[in-house]
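This briefing looks at the surroundings of a ligand and then at a pocket. Please view the model with both topics in mind.

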Amino acid sequence: MNAAIRSVVLAAHSYDIEVIGFYHGYNGLINDDGRPLTPLDVHGIIHKGGTILKSARCPEMLTSVGVNQVAGTLLKNKIDALVVIGGDGSFKGLIEVEKVWGGKTIGLPGTIDNDLDCTDYTIGFSTAINTGIDAIDKIRDTADAFDRIFIVELMGRHSGQIAFNVGIASAAEQVLSFENFDSNDVNNEISKIANDILCVKQKYDGSYIIVMAENLIDGGAFNLASLLKAKVNIDCTACVLGHIQRGGTPVAKDRLLATKLGVSAIQGLTEGRTSVMVGELNNAVNFSALDEVIKQNKKVSPRIVNAQKNIFALTN
Ligand code: F6P
């Protein structure tokens with residue numbers, strides 16, 4: 001987030017465009033809580049996690065009252081263009097704001113979930129998956145030493161992007177996610193998991209790590225561990241990584257993506273673009289209509305799902 005804010009401010013400055021940063025997401029726009037941001041204000045922030053502008057959920061944006069208040073603040077401050085860094089919820093709000101306001105709007109994809117269409121990656125995803133990999137590498141030490149089975153639950157809301165990418169890169173024995181797990185038939189899934197564990201353990205009684213996407217079953221990793229114990233007498237240790245994945249020093253890939261997208265956003269606005277998200281597809285800048293972006297969440301590529309399946313087949 002900070003790398004993106006910095007880039008927007010510096011790029012705007014190079015075009016002599018003034019920037020006002022609003023605090024706490026849309027709440028800052030509802031309450032007219034903002035301040036000018038100069039290049040000096042964004043000095044020394046690229047390496048910091050979080051956001052100097054703070055962030056917040058904003059339920060008011062689901063109402064026309066909230067949307068009108070945002071438009072009122074934008075008009076009052078004589079703002080020409082609004083740049084929003086966020087996910088699909090933020091973009092839905094942005095579409096509504098543009099309808100009643102009339103200024104230019106542009107979105108930057110900012111979410112660890114990498115679930116936004118029309119961009120290969122979202123800002124924050126690479127840092128989150130590196131954090132996940134790092135955590136599992138550490139968990140692996142205990143799992144190896146004690147020949148234990150772990151279930152590690154990762155964030156992602158309703159997307160398996162984090163689970164699959166972390167699972168593959170940390171050599172997890174299994175990845176359980178929306179793409180390969182039937183939440184309506186948990187009993188059958190438990191039997192399959194048990195079967196796979198036993199197959200591997202017969203050959204080699206070492207560590208076994210299951211990466212699991214959050215929101216896959218009620219009660220998440222802890223419930224899955226209880227079910228495996230109760231139904232098939234398999235002991236697992238559950239670990240929920242949680243908000244650790246949302247913070248920390250951003251990795252190079254995120255800093256670069258955020259910087260490139262911030263610059264492209266300002267360039268896009270100066271070219272007259274509006275109601276679009278600026279993303280990156282196949283290494284090239286890509287502007288897509290916000291309506292298109294929010295139509296559906298990006299699916300995990302079948303290539304990634306298959307890679308996990310094939311790698312597991314080799315070890316099984
Ligand atoms: O969308 C980002 C995300 O971190 C999801 O992965 C997660 O489900 C959610 O936000 C957590 O939100 P909160 O911090 O409000 O509980």
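A polar side-chain atom of Glu214 lies 2.5 Å from an oxygen atom of the ligand, a polar contact being a pair of N or O atoms within 3.5 Å. The model is predicted, so that local features need pLDDT of at least 70 and side-chain atom pairs count only at pLDDT 80 or more, while totals for chains, interfaces and linings use all residues. Residues are numbered from 1 along each chain as its sequence is written, and side-chain values use heavy atoms, with hydrogens and water left out.

- His243 places a polar side-chain atom 2.7 Å from a ligand oxygen atom, and for Arg57 the distance between a side-chain N or O atom and an oxygen atom of the ligand is 2.9 Å.
- Of the 400 Å² that the ligand exposes when taken alone, the protein buries 73% (accessible areas by the Shrake-Rupley method with a 1.4 Å probe).
- Among the residues around the ligand are Thr111, Asp113, Met155, Arg157 and Arg246, where a residue is near if one of its heavy atoms lies within 4 Å.
- The shell comprises two nonpolar, three polar and five charged residues, with Gly counted as polar.

**Second largest pocket**

- The second largest pocket has a volume of about 310 Å³, a pocket being an open set of points on a 1 Å grid over the protein atoms alone, where a 1.4 Å probe fits, with protein on both sides within 12 Å along at least five of seven lines; the volume is the space filled by probe spheres set on the points.
- Its lining has 14 residues, of which Gln174, Val175, Leu176, Asn180 and Asp196 lie nearest the centre, lining residues having an atom within 4 Å of a point.
- At least two lining residues come from each of β6 (174-176), α7 (186-203) and α11 (302-315), which are DSSP runs (helices H or I, at least four residues; strands E, at least two).
- The lining of the second largest pocket divides into six nonpolar, three polar and five charged residues.

Methods
A polar contact is a pair of N or O atoms within 3.5 Å; within protein, one must be able to donate a hydrogen and the other to accept it, and residues adjacent in sequence count only if both atoms are side-chain atoms.
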